[in-house]
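Have a look at the sequence and the fold before reading on.

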Amino acid sequence: SVLVIICQPVFAQLKPQLRCPTFEVDVLAGTVNGLLPKSAIAEIQTTLPCFTDMIVKDSASVCGGVFFKDRDINFYTDRRYIEIGDKFKGKITPALMGVSRTSLFNLLGYPKLKDTNWDAFQMGYGTLILYYNKAGKINKMQICNRSTDAIKLCE
C-alpha cells in the first residue's frame, strides 16, 4: 500500500493575542502598573498592550487617551487622569471600590471638595476623585496628577 500525503500551503495570517499583566491600581501612589496619569500614550501601550481603543487628541472637544473598555479603565492622557469604573478587572490597593463613603476619613482624611455624588481628596500626586452610587458606596474613581482647581474632566 502506498500512502500519499499532499501538502497544500495555507496562507493564514497569525496574530498573537496581546497579553496584559494584571492591572494593579495603587490609589495612594496614584499609579496603575507603575504608570502615572501623565504617562505618554506610547508608554501606556508598551506596558499594557491589550488596549481596546487609542485616540490621539485632535481637537479641544475630543479627549485623547488609551482605553481598556473590557477592563473598565481608561487613561485620559491629554487631561492627565486615569478613570476606573465599578466593573474594573484587576487589583486596587487599598480596595476602595464598593466601600462606604462614611468609612474613608481614617484613610484619606477630609475631602478638599465635596458634592452630592463625589468627593475630591488632595493627594501627594494630585487629586483623587471618588464617585458614589445611591447607597453611598464608591462606584468610580479618578486619579489625577493635577490639583482640584486645574482638573478638566472628559464627558
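## Before you start

Keep in mind that this is a predicted model.

## The disulfides

Let's begin with the cysteines. The count comes to two disulfides, and with bonded cysteines counted along the chain, they follow the pattern 1-2, 3-4. As a reminder, a disulfide is a covalent bond between the sulfur atoms of two cysteines.

One of them joins Cys20 to Cys50, with an S to S distance of 2.0 Å. The two ends come from distant parts of the chain, 30 residues apart: Cys20 sits in the segment before strand 1, while Cys50 is in the loop between helix 1 (41–47) and strand 3 (53–55). The link is left-handed, at -105° about the S-S bond. Cys50 has a relative accessible area of 12%, so it counts as buried.

The other disulfide is formed by Cys63 and Cys154, whose sulfur atoms are 1.9 Å apart. Cys63 lies in the loop between strand 3 and strand 4 (65–68) and Cys154 in the segment after strand 11, so this pair ties together parts that are 91 residues apart in sequence. The link of Cys63 and Cys154 is left-handed, with -105° about the S-S bond, and both cysteines are buried. Another cysteine to look at is Cys144, which is buried with a relative accessible area of 1%.

## What's packed inside

Which residues touch the most other members of the largest nonpolar core? They are Ile73, Phe75, Leu128 and Leu130, out of 30 residues in that core. Helix 1 supplies at least two residues, and so does each of strand 4, strand 5 (73–76), strand 6 (81–85), strand 9 (118–123), strand 10 (126–132) and strand 11. There's also a second, separate core of 10 residues, and its members include Cys63, Ala120, Ile129 and Ile151.

Not counting residues up to four places away in sequence, Leu128 touches Val27, Leu108, Asp119, Ala120, Phe121, Met123, Met141, Gln142 and Ile143.

Is Thr148 buried or exposed? Its relative accessibility is 16%, and the cut-off for buried is under 20%, so Thr148 counts as buried. Leaving aside neighbours within four places in sequence, Thr148 is in contact with Lys112, Leu113, Ala120, Gln122 and Thr127.

Three strands make up an open sheet with mixed pairing, in the order 2-1-7. Strand 2 (31–32) and strand 7 (91–93) are the edge strands, each pairing on one side only. Strand 1 (residues 24–26) pairs with strand 2 in the antiparallel sense, over two bridges, and Val25 stands opposite Val32 in strand 2.

Most residues other than glycine have a negative phi, and most peptide bonds are trans. Here are some exceptions.

Thr93 and Pro94 are joined by a cis peptide bond, with omega about -15°. Pro94 falls in the loop between strand 7 and helix 2 (105–108).

Asn33 isn't a glycine, yet has a positive phi of about 50°. You'll find Asn33 in the loop between strand 2 and helix 1, and at 24% relative accessibility it counts as partly exposed. Asp72, also not a glycine, has a positive phi of about 60°. Asp72 is in the loop between strand 4 and strand 5 and, at 23% relative accessibility, counts as partly exposed.

Note on methods
Residues are numbered from 1 along each chain as its sequence is written. This is a predicted model: local features need pLDDT of at least 70, side-chain atom pairs count only at pLDDT 80 or more; totals for chains, interfaces and linings use all residues. Side-chain values use heavy atoms; hydrogens and water are left out. Two strands pair if DSSP finds at least two bridges between them. Helices (H or I, at least four residues) and strands (E, at least two) are DSSP runs, numbered from the N terminus. Buried means under 20% relative accessible area, exposed over 50%, partly exposed in between (1.4 Å probe, protein chains only). Contact means heavy atoms within 4.5 Å. A disulfide is a pair of cysteine sulfur atoms within 2.5 Å. A nonpolar core is a set of buried Ala, Val, Leu, Ile, Met, Phe, Trp, Tyr and Cys residues joined through side-chain atoms within 4.5 Å.
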